[in-house]
Amino acid sequence: QGWLNWEVTPEHELESFGYGSNDRAEVLFNDDNTPGNAQVQSSGVGLQNGYHRGQVRWEWRPDDLSLENDLMASFGVNRVEFEAARNLFFDLDFLQGQLRDDLRYQFSEAFELVSGLDIQLGNSQFNARVPRSSFNDAGDPGSSRGGQPRFSERGLLADDQSSPLVRPAVYSELEIRPREKTDLDGLELVPGVRRNYYGDLREWAPSPRFSTRWALSDLVAIK
């Protein structure tokens with residue numbers, strides 16, 4: 001993993017980091033004792049699990065405006081792979097990305113407006129093959145009653161199948177803080193609304209929300 005922070009100017013700051021991991025386990029069988037039959041042969045079993053992430057963030061804090069802006073972009077990939085034979089395997093690649101922008105404007109010490117955009121993108125791509133089985137307890141390949149499963153070269157196949165994900169959203173909320181030195185000192189009220197688009201359903205869905213936070217002291221707060 002790595003981290004980079006750069007203060008371009010007193011008002012602009014860039015931040016980026018990346019991390020990842022890739023783990024693999026494999027078991028190899030002796031050539032003289034290979035599991036399977038004439039149609040399905042397995043020389044070993046392998047399992048792989050990995051992920052990588054990267055993120056870039058830009059902060060803008062102008063001195064002469066009651067305004068702040070945070071822009072964040074991230075990208076990642078997950079990979080899962082299993083293989084026991086050339087016709088018994090599964091692998092999945094999930095690509096994901098996110099773009100989020102928060103814009104804050106402070107009207108006064110008691111009121112602050114937060115609005116933004118949140119876009120989530122992704123795509124799952126997978127390949128799989130599973131041998132077809134039939135049951136045979138009478139030596140008849142066509143029988144499928146009782147007995148043990150019979151594997152054949154033909155099987156279920158998924159070749160470069162994909163499933164895209166598109167979920168943009170817009171949101172806005174108002175942070176209300178009653179003035180200090182009152183009975184409501186430390187109380188914060190946050191009404192807001194978020195509107196999500198679900199690409200798989202092709203529908204927009206509004207989501208109103210309301211939250212509160214009350215700091216009873218420097219160490220204790222109720223949400």
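**Accessibility, salt bridges and paired strands**

Q: What makes E68 partly exposed rather than buried or exposed?
A: E68 has a relative accessibility of 34%, and because buried means under 20% relative accessible area and exposed over 50%, with partly exposed in between (1.4 Å probe, protein chains only), E68 counts as partly exposed. The model is a predicted one, in which local features need pLDDT of at least 70 and side-chain atom pairs count only at pLDDT 80 or more, while totals for chains, interfaces and linings use all residues. Residues are numbered from 1 along each chain as its sequence is written, and side-chain values use heavy atoms, with hydrogens and water left out.

Q: Why is the contact between E68 and R61 called a salt bridge?
A: The term requires a side-chain nitrogen of Lys or Arg within 4 Å of a carboxyl oxygen of Asp or Glu, and the side chains of E68 and R61 meet at 3.7 Å, N to O, so the pair qualifies. Salt bridges that share partners join R57, E59, R61, E68 and D70 into one network.

Q: How do you know that R57 forms a salt bridge with D70, and where in the chain do the two residues lie?
A: The closest N and O atoms of R57 and D70 are 3.3 Å apart, which meets the salt-bridge rule. This pair links distant parts of the chain, with R57 in strand β3 (residues 44-60) and D70 in strand β4 (residues 67-85), 13 residues apart; strands here are DSSP runs of E, at least two residues long, numbered from the N terminus.

Q: Which label, buried or partly exposed, belongs to E59, and which to R57, its salt-bridge partner?
A: E59 has a relative accessible area of 18% and is therefore buried, whereas R57, at 28%, is partly exposed. The closest N and O atoms of E59 and R57 are 3.5 Å apart. D70 likewise has a relative accessible area of 18%, so D70 is buried.

Q: How many salt bridges does the rule give?
A: By this rule the count comes to 15 salt bridges.

Q: What makes β8 and β9 a pair of strands?
A: Two strands pair if DSSP finds at least two bridges between them, and twelve bridges join β8 (residues 187-198) to β9 (residues 203-215), so the antiparallel strands β8 and β9 count as paired. Within this pairing V193 stands opposite P208 in β9.

Technical notes:
Helices (H or I, at least four residues) and strands (E, at least two) are DSSP runs, numbered from the N terminus.
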